Structure formats: C-alpha cells, structure tokens
Amino acid sequence: MPYEYDDQNIFAKILRGEIPNDTVKETEHCLAFNDINPLAPVHILVIPKGPYVCADHFALEATDAEIVDFTRTIGWICKELGIQPGDDGDGYRLISNAGVDGVQEVPHLHIHILGGRPMGRMVQPG
Ligand code: 5GP
C-alpha cells in the first residue's frame with residue numbers, strides 16, 4: 001500500500017477548518033493559501049481537497065475533474081499575481097516535494113508557487 005494518507009497532517013486540519021489559513025483562492029476541488037514561512041515574496045501552496053499524499057498519488061488516482069481544477073488554479077494564481085514570464089511578470093518556480101528524498105514535510109500533496117525574486121539554481125549539486 002504505497003499511499004497511506006494521514007488525516008492528522010496539518011493541511012488536512014486546514015481543510016477541515018481546524019487551523020486558520022490565509023486563503024488566496026478556493027475552488028470545488030482545491031485550496032490555495034500563503035505559506036506560513038514564506039521563502040520568497042510570493043510563496044503560495046496549492047493543495048487538492050482530496051486525500052492525496054503526493055504528486056504521483058494525485059496524478060494516478062485523482063479524478064479528471066480534480067486534476068483539471070488543480071492545474072487551472074495554479075494558472076489562475078500565476079496570472080492574477082502577474083508572475084507569468086513575459087511582458088507581465090518575471091516568472092516563478094513550482095516545487096512539489098515527495099517522500100524522504102524529496103524532503104516532504106507535510107504528507108498532503110502541495111505545490112509551492114514561488115516568485116517575486118530570482119530563485120537560484122534548481123537544486124544543490126549532490
Ligand atoms: P514541504 O517541505 O512539505 O514541501 O513544505 C511544507 C510547507 O508547509 C512549508 O513551506 C511550511 O512552511 C508550510 N507549512 C507548514 N505548516 C503550515 C501551516 O500551518 N500553515 C501554512 N500556511 N503553511 C504551513
């Protein structure tokens with residue numbers, strides 16, 4: 001059983017309204033909110049409302065509607081914040097950590113949207 005979802009994780013508690021959050025956008029299938037410890041001028045977390053542990057879990061088992069909603073929400077946020085690369089903005093970075101090697105802290109899928117400054121190299125050389 002590769003995907004055992006822990007419903008006591010902090011994002012599950014946020015989704016249940018047990019912990020407050022600074023919501024950026026809520027849709028039928030996902031929630032986007034500001035990271036509590038921002039690492040850039042823009043640092044937003046986008047999470048599905050469903051119990052998915054990480055990106056591969058979501059990609060393999062989420063419904064088409066959930067996947068479309070999640071993906072469109074990321075696009076909407078980048079557009080609304082004006083961080084799209086090109087005439088309007090200077091770009092951004094998406095990160096989704098998974099498991100031990102990915103150094104995932106919270107075991108509920110989340111995409112970090114980071115922007116507002118140059119992000120540096122993608123990863124540290126191993
Ligand atoms: P990970 O390392 O799992 O990819 O990232 C987890 C992220 O969740 C971190 O950037 C951390 O700052 C953020 N985080 C942890 N607890 C909370 C919380 O209670 N509220 C919010 N908004 N972000 C949190």
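Which of the 16 residues around the ligand come nearest? Asp-35, Asn-97, Glu-105, His-110 and His-112 do, where being around the ligand takes a heavy atom within 4 Å of it. The model is a predicted one, with local features needing pLDDT of at least 70, side-chain atom pairs pLDDT 80 or more, and totals for chains, interfaces and linings using all residues. Numbering runs from 1 along each chain as its sequence is written, and side-chain values use heavy atoms, with hydrogens and water left out.

By class, the shell splits into eight nonpolar, six polar and two charged residues (Asp, Glu, Lys and Arg count as charged, and Gly is among the polar ones).

As for polar contacts (N or O pairs within 3.5 Å), a polar side-chain atom of His-112 sits 2.8 Å from a ligand oxygen. On its own the ligand exposes 520 Å², and the protein buries 87% of that (Shrake-Rupley, 1.4 Å probe).

Aromatic pairs (ring centres within 6.5 Å) number three in the whole structure. For Phe-11 and Phe-33, the centres are 5.5 Å apart and the planes at 80°, so this pair is edge-to-face (over 60 degrees). Phe-11 belongs to H1 and Phe-33 to E2, so the pair ties together parts 22 residues apart in sequence.

Note on methods:
A polar contact is a pair of N or O atoms within 3.5 Å; within protein, one must be able to donate a hydrogen and the other to accept it, and residues adjacent in sequence count only if both atoms are side-chain atoms. Rings of Phe, Tyr and Trp (its six-membered ring) pair if their centres lie within 6.5 Å; planes under 30 degrees apart count as stacked, over 60 as edge-to-face and the rest as tilted. Helices (H or I, at least four residues) and strands (E, at least two) are DSSP runs, numbered from the N terminus.
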